Amino acid sequence: MTLTKIFNGKILTPHRIISNGCVIIENGIIREVSEKNIDVPEAKEVDAHGKYIAPGFIDLHIHGGGGADFMDGTEEAFLTIAETHAQYGTTAMVPTTLTSEKEDLLKTLDLYEIANKKNTKGAQFLGMHLEGPYFAMSQRGAQDPRYIRDPNPAEYQEVLAHSSSITRWSAAPELKGAIEFAKYLKSKGVLAALAHTDAIYEEVLEGFENGYTLATHLYSGMSGVTRKNAFRYAGVIESAFIIDAMDVEIIADGIHLPAPLLKLIMKIKGADRIALITDAMRAAGMPEGNSVLGPLKTGLKVIVEDGVAKLPDRSSFAGSVATADRLVRNMIHMADVSLLDAVKMISLTPARIMKVDNRKGSLVAGKDADIVIFDENINIEKTIVNGHVIYDALGI
Ligand SMILES: [Zn+2]
């Protein structure tokens with residue numbers, strides 16, 4: 001049995017901050033969150049130096065970091081990304097693919113299995129998220145138009161039969177066959193999410209009722225209010241606001257969404273329905289300069305400057321380079337959100353959305369000891385996964 005005690009910090013539980021308690025970890029599981037710094041003589045002690053002790057960050061939508069992309073075709077890419085983002089407080093993530101050739105997708109799914117077993121020093125993987133190819137052409141954003149199409153049952157059934165590690169799939173609900181697709185995903189326990197879509201309210205509602213319960217990167221790649229023959233129609237954004245039980249994820253890198261929109265989303269959806277995501281590409285955690293969006297060989301050349309990737313002519317953003325610490329900091333500084341709510345949106349809420357909140361997402365006895373220690377400005381001091389320190393700014 002291994003016992004660890006984390007003490008001398010401010011512990012963030014879902015509902016309050018305990019100022020001088022301790023967290024006891026037994027064999028990688030939280031045994032107790034105590035209001036007092038109790039004596040556990042046999043435990044290894046971790047001094048939090050007066051900083052915050054919070055649940056580890058969970059990133060539902062991420063493509064890369066540390067120079068690597070999940071579609072690079074190597075298991076090293078998976079490990080590099082997991083280890084890079086662990087330095088910024090991420091303890092679990094959902095690796096995300098881009099619209100691609102089917103062979104590349106199947107290869108990536110195979111590599112996931114190998115990398116997942118070898119991943120002992122990075123953020124854990126919570127299954128794969130497939131972003132595409134069933135999208136509206138008009139809302140494709142940076143997704144490659146050559147591969148965009150309507151859902152094809154033979155194709156998606158083959159992909160889902162190929163891998164049992166797919167936990168989420170993003171698609172446009174208004175496409176022909178998209179409702180049948182969502183029903184199939186649901187039957188396989190896969191979360192359907194609305195993305196790159198031009199749907200109007202009636203289509204979103206039908207989609208929601210059939211399984212599309214999460215809006216992928218709200219405001220990016222989706223319709224707002226449109227007019228046809230003088231009549232106005234509510235789009236996906238309005239629908240996500242109207243349907244209370246719809247979850248939304250937001251790229252809170254401080255660039256994709258300005259402060260007033262962050263505040264608006266907070267006001268309408270609240271911390272229980274919002275997940276903060278990085279949607280990071282390979283340049284996250286790297287110096288600014290030239291990079292590539294998507295696969296190294298066939299991807300799009302981009303420039304990273306001002307904390308975001310841009311097309312070479314600077315006409316459009318071409319991906320986020322955010323890390324999880326930055327999302328939390330932004331929500332506090334730009335959207336006037338409390339620390340507890342900001343952390344909830346990248347721990348308990350995403351854990352609930354991925355149905356892993358029985359074991360992750362908060363500092364509660366019985367859950368995995370996935371913990372992050374950071375200062376007032378969300379600078380990460382330690383990242384702990386299953387009770388093991390995988391990142392220590394002070395040196396391991
Ligand atoms: Zn994405």
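Helices (H or I, at least four residues) and strands (E, at least two) are DSSP runs, numbered from the N terminus. Two strands pair if DSSP finds at least two bridges between them.

This is a predicted model, where local features need pLDDT of at least 70, side-chain atom pairs count only at pLDDT 80 or more, and totals for chains, interfaces and linings use all residues. Residues are numbered from 1 along each chain as its sequence is written, and side-chain values use heavy atoms, with hydrogens and water left out.

**Exercise 1. Describe the hairpin of strand 23 and strand 24.**

Step 1: Strand 23 (residues 308-310) and strand 24 (residues 317-320) run antiparallel, joined by 2 bridges.
Step 2: Lys310 stands opposite Phe317 in strand 24.
Step 3: Between the strands lie 6 residues, and Arg314 takes a positive phi near 60°.

**Exercise 2. Find the strands at the edges of the open sheet of 4 strands.**

Step 1: The order is 5-4-1-6, with mixed pairing.
Step 2: Strand 5 (29-34) and strand 6 (44-47) each have a single partner strand, so one side of each is left without a neighbour in the sheet.
Step 3: Strand 4 (residues 22-26) runs antiparallel to strand 5, with 5 bridges. In strand 5, Ile30 is the bridge partner of Ile25.

**Exercise 3. Classify the site of the zinc ion.**

Step 1: List the protein donors (N, O and S atoms within 2.8 Å of the metal, or 3.2 Å for Na, K and Ca). They are His61 (NE2), His63 (NE2), Glu131 (OE) and Asp279 (OD), 2.1 to 2.3 Å from the zinc ion.
Step 2: The angles among the 4 donor atoms are 82 to 166°.
Step 3: The zinc site is irregular.

Definitions and conventions: Tetrahedral: all angles 85-135°; square planar, octahedral: opposite > 155°, others 65-115°.
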